[in-house]
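Student: Could we go through this structure together, and could you tell me for each term what makes it apply?

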Amino acid sequence: MKILVGLKRVVDYNVRIQVKPDGSGVVTDGVKMSINPFDEIALEEALRLREAGKASEVVVVSIGSSDAQQQLRTGLAMGADRAILVESDQPMQPLTAARVFLELANREQPGLIILGKQAIDDDCNQTGQMLAALWQRPQATFASKLELDGDSAQVTREIDAGLETIAVDLPAVVTTDLRLNEPRFVKLPDIMKAKRKPLDVVPFADMNIEVATPITTTHYDSPPQRQRGVMVEDAAALVAMLKDKGLLS
Ligand code: AMP
């Protein structure tokens, strides 16, 4: 069984995001870019399934500019067998990304597609769900445990009330939550080996995909500056201050 994994290139989660002075976007020049953290978890899970003999091939996919080859090479160094870059310089909305994954699902016939629950740049949390609908296959979102059993998968999902375990027929779409696993570190020899692994670049135009009606982002703003906190001497002073502000009667 083949597993497709989405790897989106995003600003690294440790970077303090700066909004451009004209509000047209966030600063990405000279900023560290990484694999979306939920996608690293997706890849780790796919690799563990392959290592357990439940999958035969792991293919990592990124949709974006040629710079995303960097993240795909990291995915190959982690252990993926091959990579596909669907190259486009246009901003990629979830519906368009889902259509790309659908086209690749038709070409590659995977038994499982594992995506992150959300990309941390736009926090959309839509691509996996849209892909499952377009592909007309089951979805198991926010997975914190995944077990394959023949033609089906048992997935434990993180929901508001706790955990829920569902069974889905394969092929299916699974999206990852933080607690699913801890991704492995990449070792130097693996980085060298990854250079020789296949990475296909497919122009977006070759996908014959209708681009979703663009949602135009009109403005970006930084969150308001938080006010400084106040240290109080003891609980009595805290109560007095809260009463003073009308927050306690
Ligand atoms: P989103 O719906 O944008 O929050 O993205 C959810 C997941 O879909 C991500 O964690 C990725 O696994 C996948 N995905 C979305 N956009 C892309 C992209 N441009 N390239 C690769 N994977 C993507």
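Student: Which residue of β9 is the bridge partner of S152?

Tutor: In β9 that partner is D169, and since this is a predicted model, local features such as this one need pLDDT of at least 70, side-chain atom pairs count only at pLDDT 80 or more, and totals for chains, interfaces and linings use all residues. Residues are numbered from 1 along each chain as its sequence is written, and side-chain values use heavy atoms, with hydrogens and water left out.

Student: What makes β8 and β9 a pair of strands?

Tutor: Strands are DSSP runs of E with at least two residues, numbered from the N terminus, while helices are runs of H or I with at least four. Two strands pair if DSSP finds at least two bridges between them, and 8 bridges join β8 (residues 152-159) to β9, so β8 and β9 count as paired. These two strands run antiparallel and form a hairpin with 2 residues between them.

Student: How do you know that β1 and β6 pair, and how do they run?

Tutor: Strand β1 (residues 2-6) is joined to β6 by 3 bridges, which meets the requirement of at least two, so they pair as well. They run parallel, and L4 has I113 in β6 as its bridge partner.

Student: Why are β9 and β11 said to stand at the edges of the sheet?

Tutor: The open sheet has 9 strands in the order β9-β8-β7-β10-β6-β1-β4-β5-β11, with mixed pairing. β9 (162-169) and β11 (199-203) each have a single partner strand, so one side of each is left without a neighbour in the sheet.

Student: Which strand gives the largest share of the shell around the ligand?

Tutor: That share, 3 residues, comes from β4.
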